[in-house]
Amino acid sequence: MSTGLTPSEQFVTALCQESFLRLWTHPNPKGKKSKELCDYLIVCGPHIVIISVKENEYRDTGNETGWERWMKAALEKSFSQIRGAERWLETVEQVERSDGRFVSLPERTIRKYYRISVSLGGQGKVPIEWGDVGSGFIHVCNEYSVGALFQFLDTITDFVDFLRASEELARSGVLLLFSGGGIEDLIAFYVLQGRSLDLKSSVGDQPNVFILHDDLWRGFIESEDFKVMQEELRESYVWDNLIEYYTNDLLTDGMIDMHSGQVTNNELAFVTMALQPRTYRAGLAASLLEFLNNEELNSAARVVRGNAESAFVFTIGSSENRESRIHELALRCLVVRGRCSGVKTVVGIATDRPGTSEIGYSSDITYIHIPTWTEEHEHNVQGIQKDLGYFKNVTWEK
């Protein structure tokens, strides 16, 4: 954890790293003239999340003066920092972290910005602002809602899907009012309505005003359905651990390109892994574990569809011949790209079967992204497929 952080910033750092993992969480990045840009920057795929954390103790004056003072010290300063950070980010291609490491930003044409104000100290006594504050939509969290937002929607895709749905609801013209609660109640409504904030399909009509009561989130997390949901997703965190395993190698210069012998910092495969929503991670983790641990399986590879035109290839091979294993993994990934309809990105993972290696264990990862399939690709795949006998020894899962 970065040094020099306040207790509230340390708390949010832990939430960000748990939800978005270390490779994409950047506390206190540097902006113009090396001054602090914002409190946290999340960069993963096309998504850029700007987070500002402000803490100010609310003092009840018996009238609106207490509200106004707190909002000026917490909300207005936070909004100003977010606006300034976004303006500067639009002028650069990379950002320097507080530890000196540089982070490349996505191309400007595909960047998607999200703005989060974590405003603490209001004790739930200050009405939460929600919507466009004059320079874009800013999502406001207090001490009660920050945990729900970061810990429940704990993948970058689940997180931004909710933020985007919230922004679309605001643009629809509906006046949303929180009756004593905040974003946590909107999250509960969103999940209970099939991860949608389309009020026409949810309540049968498009209301002008929509009021959320402060018991929605509490009732949701105390329900039996919530417990079942959490249990069903428990295995998905194996996928998070796998990403962190590879991230540790990447951040410590332990990831080597076997062909060039050079250290690589290519994180595209890990971005694809990280962009998988929580439910997809559960299926991926279950498939990987079964494939590795079931010695009765005769297949040499398993293919699992991912989210957003992606697929994953798992294969087993001995560390005694890693070069051959890597070559075969790359070929299998190419075949999947050519034969799996709707897939443009393939990530392959190869490793030893547990308990079988006499020289130690290793794993390899391959990334292939081919937006447009050509006749040359097709010709190559036909030859590869014949050599591998691919569809005779592979297990397909959707």
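Of the 398 residues in the protein chain, 48% count as buried, meaning under 20% relative accessible area, with exposed over 50% and partly exposed in between (1.4 Å probe, protein chains only). The model is predicted: local features need pLDDT of at least 70, side-chain atom pairs count only at pLDDT 80 or more, and totals for chains, interfaces and linings use all residues. Residues are numbered from 1 along each chain as its sequence is written, and side-chain values use heavy atoms, with hydrogens and water left out.

The protein chain holds 13 helices and 15 strands. These are DSSP runs, numbered from the N terminus: helices (H or I) have at least four residues, strands (E) at least two. Take contacts, heavy atoms within 4.5 Å, between residues at least 6 apart in sequence: 67% join residues at least 24 apart.

Now go to strand E13, residues 345–351. Seven of its seven residues are buried. Thr345, Val347, Ile349 and Thr351 point one way from E13. Val346, Gly348 and Ala350 point the other way.

What does E13 pair with in the parallel sense? Strand E12, residues 310–316, over seven bridges. Strands pair if DSSP finds at least two bridges between them. Phenylalanine 312 stands opposite valine 347 of E13.

Serine 363 in E14 is the bridge partner of threonine 351.
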